[in-house]
Amino acid sequence: MKHFRNIGIIAHIDAGKTTLTERILFYTGKEYTIGEVDQGTATMDWMEEEQKRGITITSAVTTCYWKPNLSSAIPTDSEYRLNIIDTPGHVDFTAEVERSLRVLDGAIGVFCAVGGVEAQSETVWHQANRYHIPRLVFVNKLDRIGSDFFAVLSQMSEKLDTCPLALQIPLGKEKEFYGVVDLIRMKAILFGEAMDDKTFRLINIPSDTLFIAQKYHEKLIETLSEKDDAILEPYLAGREIPLHNLVSSIRKLTLSCKITPVFSGSAINNIGIQPLLDAICAYLPSPLDLAPLCGLNSEINKPAFRKHSPDEYLSALVFKTMTERYGELSYLRIYSGQLEQGKTLYNPRTNKKERISKLFLMHANQRDAINSAQAGEIVAVIGLKNTATGDTLCDTRHPIVYERMVFPEPVVVIAIEPKTSVERDKLAFALSKLAHDDPTFQVKTDEETAQTIISGMGELHLEIIKNRILNEYKVMANVGAPQVAYRETILHSVEGQGTFNRKIADKEHFASISLRIEQDKSITKPSVHNLTDDATPKQFLPAIEDAIKSSLTSGRLAGYPLIYLKVSIISAGVHEQKSSEIAFSGAASIALQDALKKTPSILLEPIMKFEILTPEANMGDVINDLNKRRATIESVEMLGQSRRIHGKIPIAETFGYANVLRSITSGMGSYTLEPADYQPRLSGAASN
Ligand SMILES: Nc1nc2c(ncn2[C@@H]2O[C@H](COP(=O)(O)OP(=O)(O)OP(=O)(O)O)[C@@H](O)[C@H]2O)c(=O)[nH]1
Ligand SMILES: [Mg+2]
């Protein structure tokens, strides 16, 4: 396991993640030819929609092997096993990044040398911070006009709460970019020019780069000495620091997230790939470097721990499911123990046993059947019947539940209806499968109009889903225009009472509840809790919670879900014989409706954080147009001849913005949006 590396490739859209991953597949010998995003031949972008659009939509997993050959500081006789997940950069597919980061041990951030640290790179960086994932950065596209490696270093210091440590600097610039300088060994590395040439050469640093290389070498030693006493002491004594001491210091500081080593290259021109592969082995963690996992023993409701070891009881997390024509493929990260084909596992959430009928090692959409797998591996299985993304699977006699990942709420909705009644069942089937696999895609029926409403993270997300329904599931359906997924909240804190006293199937049911609801902007998903420990009998709390949460999915104002709400149970009336889950569930719903009647509700609209890149010449027009769209402009950044505008805008004002920006900037502008928060919508919103 010492030689396992589970890593993700994360960044802003178009930074070159897939292009880099394709090179990794080629250099490690996994693929014999290089797949290109632009030609629709990338192995990792295997979905039809991905190949057509040249963007990644779904995260793809692969396994390859690498024997380090550049760094004499790590043993070169061992082969490292790299399990890699290439993630999408578009914010609409943020769920793919979240679920991948949840099960990965390390990551490579890919930044464009022209765009620098762009919006989505910042977002995924913070996502990775939440999981304390050690990272390396690959500054890509150094062949592009306007590229600036050192500007990216400064942006990393300014925008990301990390200490970037350049372990390389580029050789040459823009079209003349031709290699990298290894600042640890103080050698230049040149790469074979032919596409299929995997060789590289170490030469002395050319004289025109020597001065700056020495400056950054000294900076490297200085930074390490500031953070690591093992380097400080020889540094102060003026002693030469052996190469392996530098490497082990960098490894130690990377694993504790105190520094981020930075590399340079041009994926499309095959520059800088082998040193990056060496660095993955040298600096990113193996599962053995990680702390034991903490979960919950669901039987006794107490914390439980598992070491990252094949000798422990089995535990694994399902991070992705993919519905296929003949069944469901579930992706697992095995944390402890060993898994064999035919084994029966336990899912504590559903309280059901699951049998693994087949086990696979995945390579994008291709699969190799295997008989067994162990702790530290990422595999896919078929045979699970009642297991969803986020579920833990474990040994049947030793239950453990790990923390689930949290996914954001959808912000855009569209109506969809079958063209004929024959298509109705087919549509329902397609929607349920798509929603099962994608936690940020939801399906709802409008109670008044009986229309099917689907919701997702943005226009592109829903467009892809629409195309999959029409092309993959072959359903003939009409799809409406995108509309805002509004929310509601209450204005005042109020109390409500509810009593349930009914005879159902010859059995009396009784319960009463008194509760308080109040607005709390720190809570996006409604939370329910007991005001005092004995406010309700504990065994009925889950039923009460479920009833309240389901009542909150439809507000009184316009039927939108309620958010920013805290519900406190003040007291409950119990009858020894008659109280039941049904009674408490009924009483909770009545009490909630009673409270909601007493306070006005307001409509909330999703506000998006935007980042717009425009040529300097068009900036005035872009800003004038934004002002008409209720946007708030927060700052403008200079990037050579371009300007990057940051701010916030209601999502309703962004539909079709791609065309608007294209026309203002003659196709030169680009933008990204990501959900920020919800703000009151003053009037005329409910009808969109
Ligand atoms: N000039 C230049 N272009 C590159 C380089 N690497 C990638 N590209 C181009 O950048 C575009 C995006 O590359 P991708 O690899 O699809 O980027 P990505 O980060 O995977 O994008 P998403 O998965 O959609 O977020 C493609 O047109 C690539 O050919 C590079 O080193 N130099
Ligand atoms: Mg990609």
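**Overall fold, helix α6 and the magnesium site**

The protein chain contains 15 helices and 37 strands. Helices (H or I, at least four residues) and strands (E, at least two) are DSSP runs, numbered from the N terminus. The radius of gyration is 27 Å, close to the 26 Å that the globule rule gives for 688 residues, so the chain is as compact as a globular protein of that length. This radius is taken over C-alpha atoms, and the globule rule is 2.2 Å times the number of residues to the power 0.38. The model is predicted: local features need pLDDT of at least 70, side-chain atom pairs count only at pLDDT 80 or more, and totals for chains, interfaces and linings use all residues. Residues are numbered from 1 along each chain as its sequence is written, chains are lettered from A and ligands numbered from 1 in the order in which they are written, and side-chain values use heavy atoms, with hydrogens and water left out.

The C-alpha trace spans about 90 × 65 × 55 Å along its principal axes. Of the 688 residues, 55% count as buried. Buried means under 20% relative accessible area, exposed over 50%, and partly exposed in between (1.4 Å probe, protein chains only). The accessible surface comes to about 30,000 Å². Carbon and sulfur atoms account for 49% of that surface. Areas come from the Shrake-Rupley method with a 1.4 Å probe; for residues, only the protein chains shown count as cover. Among contacts (heavy atoms within 4.5 Å) with a separation of 6 or more, 72% join residues 24 or more positions apart.

Helix α6 covers residues 207-227. Its 21 residues reach 31 Å from first C-alpha to last, close to the expected 30 Å. The expected span is 1.5 Å times one less than the number of residues. At Ala213, α6 bends by about 25°. The bend is the angle between axes fitted to the seven residues ending there and the seven starting there. Ala213 is also one of the buried residues of α6, as are Thr209, Tyr216, Leu220, Ile221, Thr223, Leu224 and Ser225. Their cover includes the helices α5 (149-159), α7 (229-236) and α8 (243-255). It also includes the strands β6 (164-166), β7 (168-171) and β8 (179-182).

Helix α8 holds Arg251. This arginine counts as buried, at 18% relative accessibility. Beyond its neighbours within four places in sequence, Arg251 contacts Arg5, Cys281, Ala282, Tyr283, Leu284, Pro285, Ser286 and Asp289.

The magnesium ion (ligand 2) is coordinated by Thr18 (OG1) and Thr56 (OG1), at 1.9 to 2.0 Å. Thr18 lies in helix α1 (residues 17-27) and Thr56 in the loop between α2 (48-53) and β2 (60-66), so the pair ties together parts that are 38 residues apart in sequence. Donors are N, O and S atoms within 2.8 Å of the metal (3.2 Å for Na, K and Ca); water is not among the atoms, so sites may look incomplete. Thr18 is buried at 6% relative accessibility. Thr56 is buried at 8%. Not counting residues up to four places away in sequence, Thr18 touches Val37, Ala42, Met44, Asp45, Thr56 and Asp86.

Pro408 sits in the loop between β23 (392-394) and β24 (412-418). It is partly exposed, with a relative accessible area of 33%. Not counting residues up to four places away in sequence, Pro408 touches Thr94, Thr440 and Met457. The C-alpha atoms of Pro408 and Asp506 are separated by 44 Å. These two residues are 98 residues apart along the chain.
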